[in-house]
Amino acid sequence: MSKTARAHTNIALIKYWGKKDAKLRLPLMSSLSMTLDAFYSDTKISDSEQMSFKLNGQAVSGPAADRVFTYLRARPLPVQPLPPWQRLLPTTTS
């Protein structure tokens, strides 16, 4: 089994600086960004018996690959989202 995720490039044109109201977490200024449809990165993860890492189709090994695997091992496993029919069921508390 494999999964692929695509992330489009997002460029901040105007980024807010500071807080207008720290208690309410309101930014001092608005921000503006744009997402570029033509520029993106694809990440594919596949089941495998061995750990391997490719960047732009080239196998990566050594310290660079070790950093990626160390990071991935430290991350908690993602929680699978509930199927839509289960989201509609009422929850009970004991």
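User: What makes the nonpolar surface patch in this model, and how many Å² does it cover?

Analyst: In this predicted model, the patch is formed by Ile-11, Leu-13, Ile-14, Leu-32 and Met-34, and its area is about 430 Å². Two elements, strand 1 (2-14) and strand 4 (32-46), each give two or more residues to the patch.

User: Which strand gives the most to the nonpolar patch?

Analyst: Strand 1 does, with three residues. Ile-11 has its place in strand 1.

User: Why is Ile-11 called partly exposed?

Analyst: The relative accessibility of Ile-11 is 33%. Buried means under 20% and exposed means over 50%, with partly exposed in between. The value of 33% falls between those limits, so Ile-11 is classed as partly exposed.

User: Why is Arg-25 called exposed?

Analyst: The relative accessible area of Arg-25 is 68%. The term exposed requires over 50%, so Arg-25 qualifies. Arg-25 is located in the loop between strand 2 (19-21) and strand 3 (26-27).

User: Where does Asn-56 lie, and what is its phi?

Analyst: Asn-56 sits in the loop between strand 5 (53-55) and strand 6 (58-60). Its phi is positive, about 55°, although Asn-56 is not a glycine.

User: How do you know whether Asn-56 is buried or exposed?

Analyst: Asn-56 has a relative accessible area of 74%. Buried would need a value under 20%, and exposed needs one over 50%. Asn-56 is therefore exposed.

User: How much of the protein counts as buried, and what is its accessible surface?

Analyst: Of the 94 residues, 3% count as buried, a label that requires under 20% relative accessible area. The accessible surface of the protein is about 9,300 Å², and carbon and sulfur atoms hold 58% of that surface.

User: What is the secondary structure of the protein, and which pattern does the sequence follow?

Analyst: The protein has two helices and six strands. Along the sequence they follow the pattern β-β-β-β-β-β-α-α.

User: What share of the contacts joins residues 24 or more positions apart?

Analyst: Among contacts in the protein with a separation of 6 or more, 48% are between residues 24 or more positions apart. A pair counts as a contact when heavy atoms are within 4.5 Å.

Technical notes
Residues are numbered from 1 along each chain as its sequence is written. This is a predicted model: local features need pLDDT of at least 70, side-chain atom pairs count only at pLDDT 80 or more; totals for chains, interfaces and linings use all residues. Side-chain values use heavy atoms; hydrogens and water are left out. Patches are made of residues with over 30% relative accessible area and no salt bridge: like charges are joined within 9 Å, nonpolar side chains (Val, Leu, Ile, Met, Phe, Trp, Tyr) within 5 Å. Accessible areas come from the Shrake-Rupley method with a 1.4 Å probe; for residues, only the protein chains shown count as cover. A salt bridge is a side-chain nitrogen of Lys or Arg within 4 Å of a carboxyl oxygen of Asp or Glu. Helices (H or I, at least four residues) and strands (E, at least two) are DSSP runs, numbered from the N terminus. Buried means under 20% relative accessible area, exposed over 50%, partly exposed in between (1.4 Å probe, protein chains only).
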